[in-house]
Structures are given as structure tokens and as C-alpha cells.
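Hello,

Here is the structure we talked about handing over. Please open it first, then read the notes below.

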Number of protein chains: 2
Amino acid sequence: MAAGGPESPVRLAAETWESLFRAQVAVMRKLQSGPAFRKLAVNEYDVLFTLSRCPSGWLRLNELNDNVLLSQSSLSRLVERLEKRGLVARMPAPEDGRGILIQLTDEGRELQKEIGREHVRDISALVGPALTPAEQKELRRLTDKLRDSLGKR
Amino acid sequence: MAAGGPESPVRLAAETWESLFRAQVAVMRKLQSGPAFRKLAVNEYDVLFTLSRCPSGWLRLNELNDNVLLSQSSLSRLVERLEKRGLVARMPAPEDGRGILIQLTDEGRELQKEIGREHVRDISALVGPALTPAEQKELRRLTDKLRDSLGKR
DNA sequence: CCAATTTAGATGCATTTGCATCTACCGTCG
DNA sequence: CGACGGTAGATGCAAATGCATCTAAATTGG
């Protein structure tokens, strides 16, 4: 193992992750404290957002769970809360008696759009001045590649 | 280059952040579920790690709070737990009667190293196969630049 | 076809988290 | 100096989270 010389692959990977993670923390901290998340926690918004992006409009609970950093039980209760607030609707999955399908209600879609607009402005104000468009594209490419690589295993 | 027309700057920034965030979620999910975090939650490890990287060995509570995605009160109690477990020690800040200095105990340093070794291996196994060394360096550069840009305001 | 295993989601319960607030201390300005 | 606004942490309390477990339904293997 190299000491002092060129950086070891293990160390490089660790530092890469460290940078990615700290950047995420720094951005998220700013976003969270903004006014966009007065009405909804970030995780709750994230669920609405994921549902809004889904082509069919319906998602299984376990599919949702792949996108969000929450345990299965926490997501279950989070969706329960959203349902109580009238932002999502559930129905039993037709093909699988164990499963639950979730979809945005009109009110949920409305709130997602409202928060989303503000959220996107906040993001733009943070990321826009930090990186050139070319750098943003490259960052997007690299993080997409990283995520794709994890999924394939 | 881009397939469908030009992308608006706002949209590009939003998609960049989205990719970064999802990649972080995907990696973190894998890391959390590994055996490295049986003994300590990720946030708790993060505090030990941050303390281990600190040159003086001592850090103020509010300095710690900049690195971790936790509210002030949650961090205060997290440190309280770590102290109860004998992993960190506190002392009043000499120059500021309001402040608290925190440092690793020997046991805390030991545990940080132990978890850290495993953690770094896990990271390497996830990031190493996903991106070339040059890509990792570029990703590190971009995320560092992003974080630096946020700090300066 | 039925028993055994696996998977999806819900639930009891203890822990963790955040908001609001409180106390103690710092720095400033009269 | 002494009041006053601001900052560093701690704390009460309600809400959110995760672990372990449970139920029900699907899948597998005989």
C-alpha cells in the first residue's frame, strides 16, 4: 500500500464519498431552513415529489422506499400521515393482495407543485452560482453513474 | 450533447441536485445496512469522525453542528449520549463561558478507528467499481466546489 | 394440493429528533 | 458601570423514527 505517494484507490473513494456527503449536508441544511418546508417535512415532500414523477401515478409502498432514506415502518407511517392530511390516497394492489398502491390526491398534487416551485428556486440559487452549467452537467452525469452502478447489484 | 433542446439553468440546477441527492441516498442506504454501523448510528459515528479529524482534538458544539445534519438540540443530546457511553469528554470552553469543548476519549478514538476501517472498505467497494479514479477526482472537485460556494455566504 | 419459506406492509414500544423555550454568558452602547 | 440585544447550550414535550414482531398473502418445494 502506498504511503505518501499517489493516493490509494481506497482512500480516493473514501474522500470522494466524504466530499459528496458533506456537500449534500451543506445544501440540504440550507434547503431545509428555507420557507419551502414550513408545511411539509423534507421526507414528506420527497414522497409527494416521487409520486408526481411517476408515469402511472401509482406507486407501491416498497418502490417508494427505494427513493427515500427511511425504514419501511417509518415510511408506512409517513404515508399514513399524508393520507390523514388528504395528500395521498391508498388502494390495495390489484395483482398482489399484500401490496398497497399510493397516488397523489388533487390536493397533494397542488401542494407538491407549490412547494416544488419554491424548492426549485432555492436549489437554483444555491447550485447556480456554485458551478458552471458544464460542471453541473458533469456532476449530474457522475452522480447518475454512481447510482446506476449501485442499482445493478 | 443534449438530445432535446437547450435546458434552462434553473432546471439544470434542480436536476443536478436531484441526482446528487439520490446518489447520496442510495450510497447511504447501503452503508447504513452494513455491519459497520451495528454499534453506532451514522450521525454518532459522524461526530466521532469529525472529532478525529480535528487538529486540536477539541471542537465546540456549534462547530460540530455545521458538519452534521441535526438540529442544535438533537446534537446536544447526541453528545450527551456519547458522553454517557464514555466515547467523548466535555469541558467548558476556557475563553467563552457559554461554550462547551468536546474531545474523543481513548475509547471513543478506538471505536472510531474500528468502525472507520470497515466503513472505508464499504465505501471503496461501492464507489470504486462505479467510477474511474479520474471520475472520482472530478466528482470530489465538483462537490468540494459546491460546498465551498455555500460557505462563502 | 399442502406445508414451509418469503415478501409486503402494519403495529407495539423504546429511542431519537425537532420546536419552543429557558438559562447563562458575551458584547455593545448609553 | 448597567441595561440590552445576541449567542451557546440545555431542557420539556410532542412528533417522528427504527427495531422487533405480527398478520396476511404470495411463492416454492415436495
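**The DNA surfaces**

Helix 4 of chain B gives the largest share of the surface near DNA strand D, namely five residues. Keep in mind that this is a predicted model.

By class, the surface near DNA strand D has three nonpolar, 10 polar and nine charged residues. Of the atoms of DNA strand D within 4 Å of the protein, sugar or phosphate accounts for 64%, and bases for the rest.

- B:Arg77 has a side-chain N or O atom 2.4 Å from a base oxygen of DNA strand D.
- A:Ser73 places a polar side-chain atom 2.9 Å from a base nitrogen of DNA strand D.
- B:Arg98 places a polar side-chain atom 3.1 Å from a base oxygen of DNA strand D.

Helix 4 of chain A, together with helix 3 (61-67) and helix 4 of chain B, are the elements that give two or more residues to the surface near DNA strand D.

Which element supplies the largest share of the surface near DNA strand C? It is helix 4 of chain A, with five residues. At least two residues each come from helix 3 (61-67) and helix 4 (72-84) of chain A, and from helix 4 (72-84) of chain B. DNA strand C has 22 residues around it, of which A:Ser76, A:Arg77, A:Arg90, B:Ser71 and B:Ser74 come nearest. The surface near DNA strand C divides into three nonpolar, 10 polar and nine charged residues. Sugar or phosphate makes up 65% of the atoms of DNA strand C within 4 Å of the protein, and the rest belong to bases.

The side chain of A:Ser76 has an N or O atom 2.4 Å from a phosphate oxygen of DNA strand C. The side chain of A:Arg90 also has an N or O atom 2.4 Å from a phosphate oxygen of DNA strand C. A base is contacted too: a polar side-chain atom of A:Gln72 lies 2.9 Å from a base nitrogen of DNA strand C.

**How the helices pack**

Look next at a pair that spans the two chains. Helix 1 (residues 9-33) of chain A and helix 6 (residues 133-151) of chain B have axes that come within 8 Å and cross at roughly 30°. Angles under 35 degrees count as roughly parallel, so helix 1 of chain A is roughly parallel to helix 6 of chain B. Their crossing is left-handed. From helix 1 of chain A, the contact includes A:Leu12, A:Leu20 and A:Val27. From helix 6 of chain B, it includes B:Leu139, B:Leu146 and B:Leu150. The residues of this contact divide into 10 nonpolar, four polar and seven charged.

The other pair lies within chain A. Helix 2 (residues 42-53) and helix 5 (residues 106-127) of chain A pack at an angle of about 105°, with axes 10 Å apart. Since 65 to 115 counts as roughly perpendicular, helix 2 of chain A is therefore roughly perpendicular to helix 5 of chain A. Helix 2 contributes A:Tyr45, A:Leu48, A:Phe49 and A:Ser52 to the contact. Among the partners on helix 5 are A:Gln112, A:Ile115 and A:His119. By class, this contact has four nonpolar, five polar and one charged residue.

Best wishes

Methods:
Residues numbered from 1 in each chain as written. Chains lettered and ligands numbered in written order. Predicted model: local features only at pLDDT ≥ 70, side-chain atom pairs only at ≥ 80, totals over all residues. Heavy atoms only, no water. Near = heavy atom within 4 Å. Polar contact = N/O pair within 3.5 Å; in protein donor to acceptor, adjacent residues only side chain to side chain. Helix = DSSP H or I, 4+ residues; strand = E, 2+ residues; numbered from the N terminus. Nonpolar A, V, L, I, M, F, W, Y, C, P; charged D, E, K, R; others polar. Axes fitted to C-alpha atoms, helices over the stretch in contact; angles between N-to-C directions. Parallel < 35°, antiparallel > 145°, perpendicular 65-115°, else oblique. Left-handed = near helix turned anticlockwise from the far one by under 90°. Contact = heavy atoms within 4.5 Å.
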